[in-house]
Amino acid sequence: MGEVLNQAHRVKQARGGRKPKLRLEEQLLMSLEYLREYRTYFHISKSYGLSESNAYKIIRWVEDTLIKSGVFS
């Protein structure tokens with residue numbers, strides 16, 4: 001999972017933009033917590049020191065990236 005996210009992150013950062021607050025491993029862990037524990041975006045965002053909307057965007061990006069890769073179906 002980490003390798004798929006690393007490749008997608010490199011492509012995403014090649015276009016420019018701000019450096020993310022969380023490392024990719026933390027973003028993956030946040031997404032797995034959301035999927036496994038059914039935690040709300042509010043509680044996850046407070047655990048990682050982010051806004052609720054930012055937590056949502058990160059989790060959606062991780063999910064979409066892993067689905068698009070085709071490795072995990």
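I began with the relative orientation of H2 and H4, which are roughly perpendicular to each other (angles of 65 to 115 degrees count as such). The axes of H2 (residues 24-37) and H4 (residues 52-69) cross at roughly 90° and come within 9 Å; axes are lines fitted to C-alpha atoms over the stretch in contact, with angles from 0 to 180 degrees between N-to-C directions. Helices are DSSP runs of H or I with at least four residues, strands are E runs of at least two, and both are numbered from the N terminus.

I then listed the contact (heavy atoms within 4.5 Å). From H2 I noted Leu24, Gln27, Leu28, Met30, Ser31, Tyr34 and Leu35, and from H4 Ala55, Ile58, Ile59, Trp61, Val62, Glu63 and Leu66. These residues divide into 11 nonpolar, two polar and one charged.

I recorded that the model is predicted, that local features need pLDDT of at least 70 and side-chain atom pairs 80 or more, and that totals for chains, interfaces and linings use all residues. Residues are numbered from 1 along each chain as its sequence is written, and side-chain values use heavy atoms, without hydrogens and water.

I next looked up serine 45, which lies in helix H3 (residues 41-48). Serine 45 is buried, with a relative accessible area of 1% (buried means under 20%, with a 1.4 Å probe and protein chains only). Apart from neighbours within four places in sequence, serine 45 is in contact with Leu50, Ser51, Glu52 and Ala55.

For the whole protein, I noted four helices and zero strands. I found that buried residues make up 30% of the 73 residues.

Technical notes: Angles under 35 degrees count as roughly parallel, over 145 as roughly antiparallel, 65 to 115 as roughly perpendicular and the rest as oblique. Ala, Val, Leu, Ile, Met, Phe, Trp, Tyr, Cys and Pro count as nonpolar, Asp, Glu, Lys and Arg as charged, and the others, Gly among them, as polar. Buried means under 20% relative accessible area, exposed over 50%, partly exposed in between (1.4 Å probe, protein chains only).
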